[in-house]
Structures are given as structure tokens and as C-alpha cells.
Amino acid sequence: MAVVQALRSGAWRVVELLSTPLVPADYLDEIAPLRNPGVLRCRIEQVRPETRDAVTLVLRPGRGFRPHEPGQYVRLGVDVDGVRRWRAYSVTSAPGGLSVTVNAVPGGVVSNHLIAHARPGQVLHLDQAAGDFVLPPDRPAKVLFVTAGSGVTPVMGMLRTHLGELRDVVVVHSAPIPEAVVFGAELRELAASGRIRLVERHTRADGRLTPEALAALVPDLAERHTWACGPNGMLDDLGAYWDEAGLAGRLHVERFRPATAAIGEGGKVTFGRTGTVVDADGSVPLLEAGEAAGVLMPSGCRMGICFTCVLPLTGGAVRDLRDGRLTTVTEGEVVPVQTCVSAAAGPCHLDH
Amino acid sequence: MTTLQRKSVNPIAHLTAADVEAIGRELDAIRDEVIASRGARDAAYIRKVISVQRRLELGSRAVLLFSLFPPAWLAGTAGLAIAKILENMEIGHNVMHGQWDWMQDPKIHSTRWEWDNASPASQWKHSHNELHHTYTNVVGRDNDLGYGIMRVDESQKWHPLYLAQPLWNFVNACFFEYGIAAYDLELGRNLATRKRRRAPAFRAAVKEVRRKIGKQVLKDYIVHPLLSGPSFLHTIAANFTANLIRNLWTHSVIMCGHFPKGVETFERTSIEGETRGEWYLRQMLGSANISGGRLMHIMTGNLSHQIEHHLFPDLPSNRYAEVAPKVRDLFERYGLSYTSGPLPKQVASAWAKVFRLALPNRDDSATAPLAAPEPRGLATRWQRTPV
């Protein structure tokens with residue numbers, strides 16, 4: 001066995017020498033982009049319109065993709081106008097398949113691009129599924145899902161997978177009008193067959209859902225484990241209500257955007273290793289400022305959760321866009337900062 | 001001004017300081033326009049070139065497995081030479097300049113690219129991007145001028161050793177990739193003293209180059225030949241020939257960039273406190289283009305647009321042809337000469353200079369200060385190398 005392994009690794013080293021200074025997979029990419037073990041990609045198999053401004057992309061992940069857990073998201077790298085942009089999308093399919101549903105974000109570069117231009121056969125870049133917005137292995141007896149707009153997407157993944165294991169499910173979903181309900185037909189069918197209790201709220205007519213209104217709609221709310229996903233305003237309200245009711249541990253939320261409360265002062269950002277210097281606006285995260293200047297920045301969730309984007313701040317000051325907290329480093333000090341939620345507060349220097 | 005060109009007037013004497021800054025603003029506007037319009041078309045271009053290059057290389061190497069047969073040897077060698085040229089010029093050189101960094105593709109990024117050349121990317125980026133592009137044609141600062149082994153300007157003191165410089169230049173052309181590696185290491189300077197030879201940074205750099213060369217040699221002269229079995233020796237010859245062709249071609253193209261008649265050199269002190277407009281002007285005067293068709297531009301890595309490349313080193317190479325008419329128009333409006341010519345003419349002109357400067361300056365007037373009019377309104381830093 002050891003001999004076979006030695007032979008295999010020896011043979012592989014020869015193949016690597018054949019292709020130096022590139023790696024063998026760079027050549028393989030020419031014919032089989034999904035087979036590259038070093039770069040995860042996926043191919044669009046099917047593009048299915050859901051509503052006027054939402055499409056479902058059925059994807060075939062490349063080699064090396066690990067199955068997701070329902071409720072998790074994947075990051076897709078999409079080339080828009082020649083620039084690779086990464087965005088996180090909740091997986092809407094059960095494990096074994098990989099579908100995401102892209103909802104148009106007003107002014108959103110990637111979502112609108114995908115809705116207009118995604119076609120079967122196109123290859124996108126992909127990252128492993130991540131996120132802890134998932135059901136626990138011991139399925140709770142009574143579950144409440146509170147969703148609004150595109151917030152229904154991770155919940156749909158859970159319903160499509162776990163519904164058989166859940167006895168009592170209430171889904172309270174808000175959308176502006178009935179036609180804008182993503183997966184409307186499927187949800188209504190589940191409700192009609194008695195598998196879930198669905199409360200559809202159409203905010204243009206009924207107004208925004210308040211926690212009090214929710215409590216009135218779901219009287220046994222305190223007995224339920226709740227998963228909520230939607231706009232930050234709604235999630236903040238729910239969080240406060242659950243806290244007050246002493247139920248904080250029973251509420252699980254998923255945000256699509258960081259809750260920003262502050263802007264920095266802006267300033268000159270220097271990327272020490274590449275020598276790139278950019279004038280960054282106080283409202284622009286360091287991550288985006290670097291990317292716009294062509295710097296290859298590590299990135300992940302882009303909302304301050306996953307810590308993939310952390311870089312060492314070696315000089316100057318940055319402000320956390322979520323709470324306005326100022327981080328200043330003095331000479332010789334190094335502080336790791338989350339570049340996706342930090343903006344320049346005066347000149348600053350990153351060791352990257 | 002170089003005596004070689006025998007200019008009796010300073011080519012920028014008619015420009016005021018305000019003119020120079022206006023030129024800078026116009027060039028900035030051209031640059032901004034391209035940056036604002038970079039997009040999917042450009043990304044598709046570089047991906048296409050990379051794809052064609054890789055297929056061509058794979059195909060040629062496959063054909064060379066049978067290099068025992070003369071037609072296979074010829075086709076494979078030609079294909080491999082072209083693939084190597086594309087890889088070094090239109091892809092490697094330009095990617096390492098950061099021309100494609102804006103795409104945010106880690107596979108096509110200046111910080112990640114490694115090229116099919118003896119010089120490791122990191123060292124080449126330093127000597128080329130930082131030194132050559134900053135100190136373009138400044139005698140004594142820009143090692144691209146003569147690579148430190150040749151006399152490239154009349155103002156350089158003649159020495160009998162320079163008699164052999166046409167030979168050095170030819171040898172350097174044949175083994176250009178190793179010449180580049182040596183000059184990225186600043187071998188001449190670093191081997192000079194014991195202290196420099198022993199400096200840890202230098203030793204680490206040498207080790208890096210040795211490793212890179214080792215892998216390159218192993219690939220071209222051992223592994224691929226072994227793979228071709230009975231064609232072993234023929235494949236070695238084919239790979240050697242492809243490398244030779246690549247070296248001669250890149251050397252010729254690069255000589256055409258800064259050597260031909262019409263290109264100015266600058267003295268060391270002339271760039272102190274240089275403004276942006278003045279920097280642009282030095283790039284304009286210190287570079288020369290090669291005229292030709294689309295294929296010529298691609299095969300030279302668009303260094304046929306050397307002037308445009310030196311003005312905008314990090315713009316995507318496929319855009320140089322597009323901005324060239326605007327740059328040329330700017331030259332004309334400001335009464336500057338835009339040096340350009342077909343490849344054979346430019347190569348001959350550059351070689352003529354190499355031969356000419358191998359000999360001492362012909363007349364005494366060449367070493368005496370030239371009675372050129374003082375540049376009006378321009379700081380003395382814009383004076384040419386005294387002659």
C-alpha cells in the first residue's frame with residue numbers, strides 16, 4: 001500500500017514538473033473546469049423564474065463540494081462586467097442537490113446581473129456551504145419560521161428537507177403583494193395539505209409585521225423554537241421582543257446584510273505588501289476599497305460573521321460600521337480587523 | 001540629449017511648465033477613460049489569450065512526443081516557441097504589471113502569477129515594475145539600459161571592454177531569460193564585494209533563482225524529453241530551440257522599446273522632484289513603438305505600443321492600440337516626436353547603436369557641452385544628460 005502511495009505521489013510530482021510554473025489543474029481547467037480540486041466551481045444546470053424579480057438557479061457543484069445543511073448559505077463568485085464578485089446565497093434545495101434563489105436587490109450588482117444574464121451552462125465560482133442557521137439534530141416539537149421577502153430562502157431549504165421530521169410548523173411570511181411571494185405556490189400547497197400552518201402577510205396592504213402582531217397570530221409563540229430571516233429592522237424588533245420575554249435562546253436569526261449604524265471618517269488606506277494606496281470613503285468597508293483597487297482580499301460572508309476577511313491593521317485607525325467602535329493602533333502594534341465591516345477612520349495601514 | 005542623435009535643439013525646449021502639466025492632465029484623462037470602461041470584453045480577451053496559449057503549449061508538447069519525425073519536430077518547436085512567447089509577453093509581463101488585477105481573479109493576478117522564465121516573478125516585478133518603470137531611461141538608474149554590461153550613451157566613459165559589446169549583446173539575446181534573472185539579482189553589483197555576496201537577502205534571492213531555474217531545466221530538458229522516449233534527444237533540441245527563439249524574440253522587442261534612434265536618455269539628477277507631467281514626458285520621450293498589425297502587437301505582448309505601455313503600465317494591454325491614436329495626436333499637438341517604425345528597422349537601429357557605442361566617441365565635440373537653448377520655464381531637472 002505504501003509502495004502504491006509512494007508511486008502515486010511520485011507520479012504526481014512528475015506531472016507537476018511537466019506543467020511548472022503552472023499547476024496541472026490550470027491545464028485541466030481548459031476542458032473540465034468542474035474537476036479542479038483547487039478551485040471550486042459550479043455549472044448552472046437550470047434557470048427557473050420564481051417571481052418577477054427572483055430566479056432559482058439549479059447548480060451542479062464541481063468536485064470537492066461538501067453537502068450543505070439546510071438553512072446554510074453558499075458563496076457564489078460571479079463575473080460581472082469582468083470583475084469577480086462574491087455573494088452569499090441561502091441554499092433552497094435539500095442536500096444532494098444545490099439550488100439557490102436569487103432575489104433582486106435594488107441597485108444590487110450581482111443579483112440583478114444573475115437575474116438578467118444567468119443561463120444554463122455558465123460556470124460560476126463556488127465556496128463550501130457555511131452558516132449556523134440550521135435546525136438542531138434533536139428536532140424541536142414545535143417550530144415557527146418568521147420570514148420576510150428573500151428571507152424565505154433558507155427556510156425553504158429546511159422545509160424541503162425536514163418537513164417530514166417536524167410535527168408542528170408555523171410559517172409567517174411577509175411580502176409586499178401576493179405575487180411577490182417567492183415559493184408562493186409551494187408554500188400554499190403545503191398549507192393546503194395541512195403540513196404547515198401558513199400565515200401570509202402582504203405588507204403593502206397589511207403593513208409591516210410587528211412582534212406584537214406576530215404574538216397575536218401565533219399565540220403559542222413562547223413554546224416554539226423560532227427561526228427568523230428577513231430585513232434587519234424586523235430581526236432587530238424580534239430580537240428585542242424575545243429578549244424581553246426571556247426567550248432569547250429560542251430565537252435563531254439569519255441576516256443577509258450587516259446592521260450598519262456608523263460611518264467612518266474615510267482616509268488613505270495603504271496595503272503594505274502590494275504597495276497599493278487608495279482613498280477610501282468612510283462608508284466603504286476596507287474590503288470593498290481594496291477590491292476596487294485590484295487588491296486580492298480574503299473574503300467570506302461580507303457581514304462581519306465568518307472572520308475570513310480579517311487582516312492585520314498595523315497603523316492608523318478604523319471604525320466598525322456596525323457600532324461605530326474605533327480601533328486605533330499605535331506604532332509597533334498589530335490588531336486584526338474585520339475588513340468587511342470596518343472603514344477607514346483617517347489614514348490606515350494594513351499588512352496585506 | 002544623447003550625442004548619438006546629434007540634436008542641435010532640446011526636443012522639449014518649446015514647452016513651458018504649464019504645457020507639461022497640461023500634457024499630464026490630458027494623459028490622465030485618457031487613462032481615466034479606459035479605467036472607467038474596463039469590462040467583460042477585456043476579461044474575455046485575456047482569458048481567450050490564456051486559453052489559446054495553454055492549448056497551443058499542450059498541443060505542441062504532445063506533438064513533440066514524436067519529435068523523432070522531422071515534421072513533428074518542426075511543428076512542435078514552432079508551436080512551443082509561439083506559446084512561450086505568448087506566455088512571457090502578452091500574458092506574463094502584462095499580468096505581473098497588474099493590468100488584470102481589477103478582475104479580482106486570483107488565477108490572473110499580479111501577486112499570484114508565476115511565469116515560464118528563469119527569473120522568479122517576485123524578483124522580476126521588483127526590477128522591472130519598480131526600477132525600470134520608475135527610472136525609465138535614466139542612465140545609471142535604469143538597468144534595462146544596457147543591463148549594466150553595455151555602453152548605451154555617449155556620455156558613458158568608453159573602455160576597451162566595450163569593443164566586445166556587440167558580442168555580449170548577442171549572447172545576452174540568446175540566453176535572455178538567464179540574463180534577466182542575473183540582472184534581477186543585480187549580479188554585477190552584488191558579486192562585487194564579499195560583504196554583498198554574503199548578504200542574507202542576496203543569498204536567499206540566489207537560492208530562489210536556482211530553484212526556479214532547476215525546475216525550468218528539469219521540465220524542458222529532462223522530464224518532457226524522457227516522456228518522449230525514443231525522441232528524447234530530439235525533444236531536448238526542440239525545447240532548446242523554442243527557448244532560443246523566445247529569447248531572441250523578446251530581446252529584440254525589448255531593445256526596440258528604448259534603444260532605437262529618436263529615444264532620449266536622461267541624467268541621474270534630472271528626475272529629482274519630478275512632477276507627474278514631467279514623469280509622463282520622460283516616458284513619452286524615452287520609449288519607441290513598433291508598427292505592425294494585430295498579430296505583431298499580440299506577439300510582442302503589446303510592447304509594440306511601448307510608449308502607451310510606459311505611460312500607462314497597468315492598463316489592460318488590449319487597450320493600448322485603442323489609446324495610441326489619442327497619444328499620437330497629443331505628441332503632434334505639443335510638437336514632440338512619436339518614435340515608431342517597423343520591427344526590422346527598429347531592431348537594426350538599436351543594433352547600430354550597440355555597434356557605434358562599442359567604439360569611443362568619434363569627435364571631441366561629442367564630449368563637449370552642447371550649446372543647446374535653455375529650456376524655457378522648465379526646471380533644470382529637465383535638462384538632458386550633458387554631452
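Tutor: Helices here are DSSP runs of H or I with at least four residues, strands are runs of E with at least two, and both are numbered from the N terminus. The model is a predicted one, in which local features need pLDDT of at least 70, side-chain atom pairs count only at pLDDT 80 or more, and totals for chains, interfaces and linings use all residues. Residues are numbered from 1 along each chain as its sequence is written, while chains are lettered from A and ligands numbered from 1 in the order written.

Student: What follows α8(A)?

Tutor: A:Gly246 follows α8(A), and its phi is positive, near 70°.

Student: Which residues of α8(A) are called buried, and what makes them so?

Tutor: A residue is buried if 20 or more other C-beta atoms, placed from the backbone, lie within 10 Å of its own, exposed if 12 or fewer, and partly exposed in between. In α8(A), A:Met234, A:Leu235, A:Leu238 and A:Trp242 are buried. Their arc, taken from the directions from the helix axis to the C-beta atoms, is only 95°, which puts them on the same side of α8(A). On the other side, A:Gly233, A:Ala240, A:Asp243 and A:Glu244 are exposed.

Student: What do the buried residues of α8(A) pack against?

Tutor: They pack against β7 (142–148), α7 (211–217), β10 (225–229) and β11 (251–254) of chain A. Contact means that C-beta atoms, placed from the backbone, lie within 7 Å.

Student: How many residues are in contact between chain A and chain B?

Tutor: 16 residues of chain A are in contact with 26 residues of chain B. On the chain A side, α1(A) gives the most, with three residues.

Student: What makes residues 1–7 of chain B a stretch to treat with care?

Tutor: pLDDT is the predictor's confidence in each residue, from 0 to 100. Chain B averages 89, and 90% of its residues score at least 70. Over residues 1–7 of chain B the pLDDT is below 50, although this stretch has 22 contacts in the model beyond near neighbours in sequence. Residues 365–387 of chain B are also below 50, with 56 such contacts. Where pLDDT is low, predicted coordinates should not be read in detail.

Conventions. Contact = placed C-beta atoms within 7 Å.
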